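Welcome! Take a look at the model below, and then we can walk through it together, one question at a time.

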Amino acid sequence: MLVLDKTNFETEVLQGEGYIFVDFFGDGCAPCEALMPHVEKLAEKYGDKLKFTKLNTTKARRVAIGQKVLGLPVIAIYKDGEKIEELVKDDATPENIEAMIQKYI
Amino acid sequence: MSKVYDVLIIGAGPAGLSAGIYAGRARLSTLIIEKEKDGGQIVLTSEVENYPGCLEGESGPTLVDRMAEQAKHFGVEKVYDEIVEVKLEGKEKILIGKKGEYKGKAVIIASGATSRPIGCPGEKTYTGKGVSYCATCDAAFFEDLEVFVVGGGDTAVEEALYLTKFARKVSIIHRRNELRAAKSIREKAEANPKIHFIWDSVVKEIKGDGIVNSIVLENVKTKELTEIVADEDDMTFGIFVFIGYEPKTKIFEGILDIENGYLVTDDNMKTNIEGVFAAGDVRVKSLRQVVTAAADGAIAAVQAEKYIETL
């Protein structure tokens with residue numbers, strides 16, 4: 001998975017082409033930590049079909065708020081720089097995430 | 001034929017892990033089935049001050065990590081699956097999950113509870129967009145912004161104190177005119193210059209434009225409505241909700257005795273079905289804390305062992 005930060009979010013996601021997967025997580029967020037291994041597995045499984053990225057929002061607060069992310073975890077799909085679907089908090093389960101990925105590949 | 005365990009435990013929070021530690025140590029073959037993440041509610045807690053042996057700096061996740069390690073040390077197995085159906089009658093109990101079926105001689109239900117929502121318009125829409133039930137997850141977004149905390153119990157006030165490390169101002173909205181939280185916590189809050197109180201009030205609506213920018217409160221005595229709009233420069237504020245819990249007992253409806261949503265047990269954690277026990281936040285009790293969850297788990301495991309001996 002491509003690790004994003006506040007300096008490359010713009011170029012990698014907002015100026016990116018096609019479908020891009022973003023995992024918004026943060027320091028000290030236990031649900032995010034629990035979810036990450038599942039996301040890593042999905043990245044392995046679907047990595048050739050979709051660009052997988054993750055952003056630590058603790059170090060990129062303004063970027064996250066700019067994306068209307070004010071709660072974690074959030075798993076989002078971007079298309080040509082626009083967020084087209086997201087799963088927030090309790091809805092961000094491994095099953096729901098895989099179902100969302102399958103819609104766009 | 002799949003393996004028949006001595007003990008199946010639903011949930012890997014403090015109650016389930018404690019039951020696992022006792023069952024594993026008693027050399028019972030034990031499987032913990034966890035839906036999502038270890039730890040249950042307590043992993044969302046920033047500071048655990050009142051569990052015996054926990055000193056300053058202990059957080060929910062650090063405490064639970066050690067409990068999980070301890071259970072593993074005693075040979076307890078764990079699987080991640082969500083139980084959707086149960087067959088609890090008879091000598092062989094069957095739990096049916098999304099991924100597989102699990103068989104055991106005894107079952108300990110430690111499925112816990114989830115945060116209770118306010119239930120007002122806008123709450124669901126703005127969850128993760130300003131509305132949160134987890135300060136450790138989301139506090140950092142509100143650095144130098146304003147935050148509202150809904151609730152007046154221990155959890156609400158403790159989390160409000162944690163939020164003062166980030167937010168510019170923390171207002172506690174409570175439906176009564178005094179806090180229910182323990183005196184020591186209350187005193188800390190009253191002495192904190194960042195904490196303010198909005199008494200006798202409930203949240204009627206949460207509004208926004210992609211993210212939260214306004215909250216409508218009702219004074220329960222005068223029925224007067226007040227709308228608080230986010231500061232123009234801030235654009236938003238946080239609303240952290242800690243008004244109690246809802247037990248996860250849906251799959252046991254019509255099978256086990258339930259009172260106000262909670263499972264009914266006797267002092268030995270026995271439910272109305274032989275060999276089925278409940279422990280922790282999921283059962284009817286007067287105090288829902290890590291220490292009582294751990295105690296429940298221990299009792300349930302010892303009782304399960306006794307029950308298995310009679311088979």
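**A guided tour in questions**

Q: How many helices and strands does the secondary structure of chain B have?
A: Helices (H or I, at least four residues) and strands (E, at least two) are DSSP runs, numbered from the N terminus. Counted that way, chain B comes to 6 helices and 19 strands.

Q: What kind of model is this, and from which number are residues counted along each chain?
A: This is a predicted model, in which local features need pLDDT of at least 70 and side-chain atom pairs count only at pLDDT 80 or more, while totals for chains, interfaces and linings use all residues. Chains are lettered from A and ligands numbered from 1 in the order in which they are written, and residues along each chain, as its sequence is written, are numbered from 1.

Q: What radius of gyration does chain B have?
A: The radius of gyration is taken over C-alpha atoms, and the globule rule is 2.2 Å times the number of residues to the power 0.38. For 311 residues, a compact globule would come near 19 Å, and the value for chain B agrees with this. Along the principal axes, the C-alpha atoms of chain B fill a box of roughly 65 × 40 × 30 Å. The radius of gyration of chain B is 21 Å.

Q: In which order do the elements of chain A run from the N terminus on?
A: Chain A has 4 helices and 5 strands. Its C-alpha atoms fill a box of roughly 30 × 30 × 20 Å, taken along the principal axes. From the N terminus on, the order is β-α-β-α-β-α-β-β-α.

Q: What percentage of the residues in chain A is buried?
A: A residue is buried if 20 or more other C-beta atoms lie within 10 Å of its own, exposed if 12 or fewer, and partly exposed in between, with C-beta atoms placed from the backbone. In chain B, 48% of the 311 residues are buried. For the 105 residues of chain A, the buried part is 36%.

Q: How wide an arc do the buried residues of α2(B) cover around the axis?
A: The buried residues of α2(B) are B:Gly60, B:Pro61, B:Leu63, B:Val64, B:Met67, B:Ala68 and B:Ala71. They lie on the same side of α2(B), because their arc (that of the directions from the helix axis to the C-beta atoms) is only 160°.

Q: Which exposed residues does the face of α2(B) turned away from its buried side carry?
A: An α-helix has 3.6 residues a turn, so residues three or four places apart point the same way. On the buried side, α2(B) packs against α2 (30-46) of chain A together with α1 (14-25) of chain B. The face turned away carries B:Thr62, B:Arg66, B:Glu69 and B:His73.

Q: How far apart are the end C-alpha atoms of helix α6 of chain B?
A: The expected span of a helix is 1.5 Å times one less than its number of residues. Helix α6 (residues 290-309) of chain B has 20 residues and should span 28 Å, which agrees with the model. Its end C-alpha atoms are 29 Å apart.

Q: Which residue in β10(B) is the bridge partner of B:Val150?
A: Strand β9 (residues 146-150) of chain B is largely enclosed by the rest of the structure, because 4 of its 5 residues are buried. β9(B) pairs in the parallel sense with β10 (residues 169-173) over 5 bridges. In β10(B), the partner of B:Val150 is B:Ile173.

Q: With which residues is B:Asn192 in contact, leaving aside its neighbours within four places in sequence?
A: B:Asn192 is found in the loop between α5 (183-191) and β11 of chain B. B:Asn192 is partly exposed, with 14 other C-beta atoms within 10 Å. Two residues are in contact if their C-beta atoms, placed from the backbone, lie within 7 Å. The contacts of B:Asn192, leaving those neighbours aside, are B:Leu161 and B:Thr164.

Note on methods
Pairing = 2+ DSSP bridges.
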